[in-house]
Amino acid sequence: MLEIRFHGRGGQGAVTSVELLALAAIGEGKFAQGFPSFGPERRGAPVMAFLRINDHHIRLRCKIASPDVILILDPSLIRIQKPAADLKPEGTIVLNTHKSPAEVRQEYGFKHRLALVDANTIAKEVLGVPITNTTMLGALLKATGVVPLEAMTKPLQERFGPLASKNFNALKAAYEKTHLEEAQP
Amino acid sequence: MAKAKTKPARFHREGMEVSIAVSHAVQLARAEAIAAYPITPQTHIVEHLSSLVADGQLEAEFINVESEHSAMSACIGMSAAGARTYTATSSQGLALMFEILFIAGAMRFPIVMTVANRALSGPLSIWNDHSDIMAARDIGWLQVFVKNGQEAFDHTVMAFKIAETPSVLLPMIVNLDGFILSHVVEALEMPDQELVDQFLPPYSPRHVLNPKAPVTMGAFAMPEIYTEVKMKHQVTLTNAAGRIQEVWDEWGQLTGRQYYPVERHLTEGAEILLLTMGTLTEVAEIAVEEMREAGLPVGLISLRQWRPFPFAALRAAVGDAKLLIVCDRALSPGGAAPPVLAEVRSAFYTQAQRPDIIGYIIGLGGRDVPPEAFKDIVAKAREEVTTGPTQEFHLYGVRG
C-alpha cells in the first residue's frame, strides 16, 4: 500500500488533488481512499489531505501517521508543520520549489529522496494562475509511477470540463521537469 | 468480500465520495419525497440529491426546510401521503429532530434516513462519534451501522425494502461514521437501475392521507390504549428482525455481499473477543489478524443491527469466549455503562455461562483510532481480568 500525505493551505486544492488521484487509481482497477484532514475550513490555514492506494480493499480508517510520500504544495509550511518528521526513511518528499536539491537539503535538512519541481512557474505559464495542485500531481506521478499520466485524463475531465486539457498539460509539464534525487546518507 | 459464483454483468465499479454514493442509492431506489435542512451539520448527500432532482435525474419532491425539526415533520407528511420518503442528517441536526423522530416511529411511517454519526456539542465538535444516535436510541426506528462505502450504498437501498414491508412499516436509520466514512472517496460497485427496480418494487402504502377519503392519523391515545399501542410497536420492531435478514439474503443473492445482524472475524477458537460497530470494525480486523499471528486467541464480532437488538445472534457469536471487550463510541455521563456495553452486559446477565465483559470508550469527537489502539485495549483488558475489574468502564487514551 502506498500512503501519501498532502500538505497545503486552505484554498490551494490539496483535497481536490487527493480526490483526482484517488479516482484515477480506482479507474485503473486499484483501490484508493482519499480524505481531508477534517476541521474548520479556512482559506490560507495549513491543511492536510490523505491518500491511500492499494491493490486490495483498504480497511484502515485513521490518519496516515507514517507516510511513504509527502507532497508539499507550499514550502512555507515546512517550518510550521515539519511534514517530513514522520516520513518513512525510504520515503519521498515531493516539493514545489524553484531551488536545487542541494539548496533544499541545506535549507530544510532533508535526507530523504527528493522530487522537486517549480510548479508555480509551470502553473503560471500553462494555466495562467499560480494554482499548483494539479501541476504537482505530475511531480507525484514522476516520483511514484503509481498510475500512468493518461489515467488522470478522465478525472480531470469530469472535474474541470473545458479546463481539463490545460490542467493535464500543466501536470504533464511538471512530470517532465521534475528533478529526482535519491536519499542522502 | 466474497463474490457470488455467477454474477451477472449488471454492476459497474466507480470511485466517489461515500456521501455521493448514498445519494445515488436513494436515486436508484426512486425516492419520491425528500426534505432536508441544507446546511451544517449536513453532508453532501442531500446537496447532491437536490442537484439530481433539479437536473431531472430523479423525479422527486425536494423540500428545503428551515430546520431539521421541520425536515422530519415534512417527511412524516409526505410519507403519510404515500410517498417513498428520505432524509439525512447528523449530530445537532438529529438532536433538533428529536421530538418528531418518536412520532415517525410510533405512526409507523417507513421513512429512510442516513445519519452521518457525529459528536454532539459541547464542547463544539464537528467530528465523528456515536453520541448523536445513541441519544436517539429509543425512538422506535430500525437501526443499522455500516463499515465502508459499499455497505453504506447497499444498506440504503435495502432499508427502503425492509421499512416498507407491510408487516414492518417502520422507519429505518442507516448509521455511517461522519467524515471518516461520509467524506472519503473510495471504490464501490454500483448496480444498474434495472437490478434495483427488480429488487425494490414501488411503495404501495396501506393507508394514505387523501382529502377524498379522509382517515385519522396520529390520533391521541388515552391511558386505556397507550400501553397496548407501545406493546404493538415493540413486538413489530422486534419481529422485524426476520424480515431484515430476508431482505439482506435477497440482496446477497444479487450482489454476492451477504450481511448478518452480528458478523464475525476470526472468532473460531477465540477466547478473547472484541466487539465493534461502524468503521472501527475493519480497523479492528487488522489488529485481530496481527494478534492472531502473534499467537493470541483473539477474534472480532461486529454489531451491524442495533435495533432490534440481536440478542440471540450476539450470544451465538460470543459462544464460550472467556473475555468480551466492548468498544463504544459514546459516553453515558454518570450512567452504568456506555450504551453498547450496557446492552451487551444486559444480554448476558441471564446466561449461565457468560464471559468477563469489559468496556472501552474510544474515538470520541474525532479522536483517531489506529489498529494499535485495539492491541493496547486487549492487553489492558487481559490484565484487568487477572486483577479483577477496576471500574465499570474505561475511557481509552485519556491524557492525564
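Visitor: Before we start, what kind of model is it, and how are things numbered?

Guide: It is a predicted model, in which local features need pLDDT of at least 70 and side-chain atom pairs count only at pLDDT 80 or more, while totals for chains, interfaces and linings use all residues. Residues are numbered from 1 along each chain as its sequence is written, and chains are lettered from A and ligands numbered from 1 in the order in which they are written.

Visitor: OK, how many residues of chain A are in contact with chain B?

Guide: On the chain A side there are 19 residues in contact with 19 residues of chain B, where contact means that the C-beta atoms of two residues, placed from the backbone, lie within 7 Å.

Visitor: And which elements of chain A give two or more residues to that side?

Guide: Those elements are helix H1 (14–27) and strand S2 (31–36) of chain A, and S2(A) supplies the largest share, six residues. Helices (H or I, at least four residues) and strands (E, at least two) are DSSP runs, numbered from the N terminus.

Visitor: What share of it is buried?

Guide: Buried residues make up 49% of the 400 residues in chain B; a residue is buried if 20 or more other C-beta atoms lie within 10 Å of its own, exposed if 12 or fewer, and partly exposed in between, with C-beta atoms placed from the backbone.

Visitor: In what order do the strands of its open sheet run?

Guide: Seven strands of chain B form that sheet in the order S3-S2-S4-S5-S7-S6-S12, with mixed pairing. Strand S3 (61–64) and strand S12 (305–307) stand at the edges with a single partner strand each, so one side of each is left without a neighbour in the sheet. Within the sheet, strand S4 (residues 85–89) and strand S5 (residues 112–117) of chain B run parallel and are joined by four bridges, and B:Tyr86 stands opposite B:Val112 in S5(B).

Visitor: Which residues of H2(B) are buried?

Guide: In helix H2 (residues 44–54) of chain B, the buried residues are B:Ile45, B:Val46, B:His48 and B:Leu49. They cover an arc of only 160 degrees around the axis, which puts them on the same side of H2(B), the arc being that of the directions from the helix axis to the C-beta atoms. The buried residues of H2(B) pack against helix H1 (18–28), strand S2 (33–36), S3, S4 and S5 of chain B.

Visitor: Back to chain A: is A:Val94 buried or exposed?

Guide: A:Val94, in strand S5 (residues 92–96) of chain A, is buried, with 30 other C-beta atoms within 10 Å. Leaving aside neighbours within four places in sequence, A:Val94 has contacts that include A:Ile70, A:Ala115 and A:Leu140.

Methods:
Pairing = 2+ DSSP bridges.
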